[in-house]
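Q: I have the model open. Can you walk me through reading a few of its features?

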Amino acid sequence: MTADTVTDVFEEHRPLLLGVAYRMLGRVADAEDVVQDAWLRWSAADRTDVREPRAYLVRVTTRLALDRLGRIKARNEAYIGPWLPEPYVTDFGDTVQDTAERAVLADSVSLAVLVVLESLSPLERAVFVLREAFGYPYAEIGAVLDRTESAVRQLAGRARRHVAERRPRYEVDPVQRRELTERFLAAAADGDLEGLMALLAPDARLVGDSGGKAKAPLRVVESADRVGRFLIGAARKGIPDLSFRFLEINGGLAALALSGDKPDTVFQLDVAEGRIQAVYVIRNPDKLRALAA
């Protein structure tokens, strides 16, 4: 390969590699670091015997992500308050034509699923991501992880059962989610507790992630009444020069609150049966930095 070809091949697969790394690590900066390390290995490697660059690059990226995952888990254990993945802007655009494939990719990167994946072992997480999100055959995953196909099937089975038990089932109708998000923001801004209560499911939860670097609840807020009252209280304190922008984050619609031109908070809702089941609030400024662009 010429130098240009080496670069072109890697850039062709960069979105896939970033997708694998982010789903395993839950943090954009870590995923980008892993992909950069994968590029360094690819550019310096003897590619004479590399017949399938995609398989080679996924293997390198997955192993680098596994190496980093242990350090991240230790870091998250010392995290202040609830932990949520760093918001990841997802716009599959024309890269994914098939609606079923698009739905699988969006679901596999959702905040709810990534929180559940945090409780898997590193190998289970790698198997789940490669199998469920990207449809890799068991034999290929075995080659990536240096495990037998039988061992990979066992890991996949355990991971799938664990995720199925803990993963909440929500609807992903973008029109309904947009409508409910707009009504939710309006009710909170107006101090309309009754209006909020009409939108929230009785057992609604609010998960706030600040990392101790911004104001947010240090525990999950449970029940519609408590969630509603917390949101009204927070809205009264206000955000200077507030504006909202809607964008697709982690496979679903989210609202980005801006203070002037600076990202302040990400709100995302999980919806089922026309009611809000969960409210995710991300305020850690370290996790919002990438959204400034």
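A: Start at a hairpin. Glu273 takes a positive phi near 55° in the hairpin of strand 5 and strand 6, which has 2 residues between the strands. Strands here are DSSP runs of E, at least two residues, and helices are runs of H or I, at least four residues, both numbered from the N terminus. This is a predicted model, where local features need pLDDT of at least 70, side-chain atom pairs count only at pLDDT 80 or more, and totals for chains, interfaces and linings use all residues. Residues are numbered from 1 along each chain as its sequence is written, and side-chain values use heavy atoms, with hydrogens and water left out.

Q: In what sense do strand 5 and strand 6 pair, and over how many bridges?
A: Two strands pair if DSSP finds at least two bridges between them. Strand 5 (residues 262-272) pairs with strand 6 in the antiparallel sense, over 7 bridges. Val271 has Ile276 of strand 6 as its bridge partner.

Q: Do strand 1 and strand 6 run parallel or antiparallel?
A: Parallel: 6 bridges join strand 1 (residues 200-209) to strand 6. Arg205 is bridged to Ala278 in strand 6.

Q: Why is strand 6 described as largely enclosed?
A: Look at accessible area. Buried means under 20% relative accessible area, exposed over 50%, and partly exposed in between (1.4 Å probe, protein chains only). In strand 6 (residues 275-282), 7 of the 8 residues are buried, so the rest of the structure largely encloses this strand.

Q: How many aromatic pairs are there?
A: Rings of Phe, Tyr and Trp (its six-membered ring) pair if their centres lie within 6.5 Å; planes under 30 degrees apart are stacked, over 60 edge-to-face, the rest tilted. The count comes to 4 aromatic pairs. One of them, Tyr22 with Tyr88, is stacked, at 4.3 Å centre to centre and 25° between the planes. This pair links distant parts of the chain, 66 residues apart: Tyr22 is in helix 1 (residues 3-25), Tyr88 in the loop between helix 3 (53-77) and helix 4 (99-108). Tyr22 and Tyr88 are both buried.

Q: Which residue has its charged end over the ring of Tyr138?
A: A charge sits over a ring if NZ of Lys or CZ of Arg is within 6 Å of the ring centre and within 35 degrees of the ring normal. Arg131 does this at Tyr138, 4.2 Å from the ring centre. Arg178 lies over the face of Phe246, 4.0 Å from the ring centre.
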